[in-house]
Amino acid sequence: MTNNKWFLLQATLFIVVLTLIFFWKILLTNLILSGVDVFLYFYPYKAYTAEVLRQGRLPLWNPYLFMGAPLLANSQVGVFYPPNWLFIWLDAPRQIAWSIGLHITLAGIFMTAFTRQALRLAWSASLIAAILFTFGGYLGAQVEHINQLQAAAWLPLLFLFYDFTIHRPR
């Protein structure tokens with residue numbers, strides 16, 4: 001195994017461990033997030049969507065909101081976002097908790113890869129950048145807004161692909 005792959009593996013394990021340390025209360029216990037948005041908006045949407053998907057149907061309509069409202073067309077529900085399908089067998093609070101854990105971890109891994117490959121930082125600097133991005137204020141503030149956290153986690157990978165596009169050999 002090359003040094004680059006070995007460090008990426010170590011960095012990934014370190015970010016996973018840090019994610020478990022930072023979010024252990026929602027990942028490893030029965031405690032749930034209880035902010036207004038997550039409790040009144042995302043939990044009901046996730047619960048109903050998962051129930052319908054487990055029945056083998058697409059959740060086209062939410063009959064429990066107002067006099068009914070489109071559900072599949074609501075991008076915040078994320079029906080067609082593949083990582084959401086990993087958790088449909090869980091109850092709504094667990095779906096959101098494990099989605100937070102997954103996306104925080106992905107954000108750290110992607111930032112490590114971006115800073116190492118595109119910015120050519122040393123491994124220690126790449127890991128520090130990943131920790132600051134992942135466990136800093138912005139992503140931490142988005143855990144209640146799961147759709148925004150999911151989008152923000154992919155930004156370093158998007159920047160890495162952009163860099164590859166610009167600097168690839170012709």
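**Questions on a predicted helical and stranded protein model**

Q: What percentage of the 170 residues in the protein is buried?
A: The structure is a predicted model. A residue counts as buried when its relative accessible area is under 20%. Of the 170 residues in the protein, the buried ones make up 43%.

Q: In what order do helices and strands follow one another along the sequence?
A: The protein has nine helices and two strands. Read along the sequence, these elements give the pattern α-α-α-β-β-α-α-α-α-α-α.

Q: Among contacts between residues at least 6 apart in sequence, what percentage joins residues at least 24 apart?
A: The C-alpha atoms of the protein fill a box of roughly 55 × 40 × 30 Å along the principal axes. Among contacts between residues at least 6 apart in sequence, the share that joins residues at least 24 apart is 61%.

Q: How far apart do the centres of the positive and negative side chains lie?
A: The accessible surface of the protein comes to about 10,000 Å², and carbon and sulfur atoms hold 70% of that area. The protein carries 10 positive and 5 negative side chains. The centres of these two sets are separated by 14 Å.

Q: Which elements are included in what covers the buried residues of α3?
A: The buried residues of α3 include Val38, Phe42, Tyr45, Lys46, Thr49 and Leu53. In an α-helix, residues three or four places apart point the same way, because there are 3.6 residues a turn. The cover over the buried residues of α3 includes β1, α4, α5 and α8.

Q: Is Val38 buried or exposed?
A: Val38 is found in helix α3, where it touches Leu33, Tyr43, Ile96 and Glu144, not counting residues up to four places away in sequence. The C-alpha atoms of Val38 and Pro93 are 9.0 Å apart, although the two residues are 55 apart in sequence. Because its relative accessibility is 1%, under the 20% limit, Val38 counts as buried.

Q: What is the relative accessible area of His103?
A: His103 is found in helix α5. Leaving aside neighbours within four places in sequence, His103 is in contact with Tyr81, Pro83, Leu149, Gln150, Ala153 and Trp154. His103 is buried, and its relative accessible area is 0%.

Q: How far apart in space are Trp154 and Leu106, C-alpha to C-alpha?
A: Trp154 lies in the loop between α8 and α9 and counts as partly exposed because its relative accessibility is 31%. Leaving aside neighbours within four places in sequence, its contacts are Tyr81, His103, Leu106 and Phe110. Trp154 and Leu106 are 48 residues apart in sequence, yet their C-alpha distance is 7.5 Å.

Q: What is the relative accessibility of Phe66?
A: Phe66 is found in the loop between β1 and β2. Its phi is near 55°, a positive value in a residue other than glycine. Phe66 counts as exposed because its relative accessibility, over the 50% limit, is 76%.

Q: Where is Arg120 placed?
A: Arg120 is not a glycine, but it has a positive phi of about 60°. Its relative accessibility of 62% makes Arg120 exposed. Its place is in the loop between α5 and α6.

How values were computed. Residues are numbered from 1 along each chain as its sequence is written. This is a predicted model: local features need pLDDT of at least 70, side-chain atom pairs count only at pLDDT 80 or more; totals for chains, interfaces and linings use all residues. Side-chain values use heavy atoms; hydrogens and water are left out. Helices (H or I, at least four residues) and strands (E, at least two) are DSSP runs, numbered from the N terminus. Buried means under 20% relative accessible area, exposed over 50%, partly exposed in between (1.4 Å probe, protein chains only). Contact means heavy atoms within 4.5 Å. Accessible areas come from the Shrake-Rupley method with a 1.4 Å probe; for residues, only the protein chains shown count as cover. Lys and Arg count as positive and Asp and Glu as negative; His and the chain ends are not counted. The place of a charge is taken as NZ of Lys, CZ of Arg, CG of Asp or CD of Glu.
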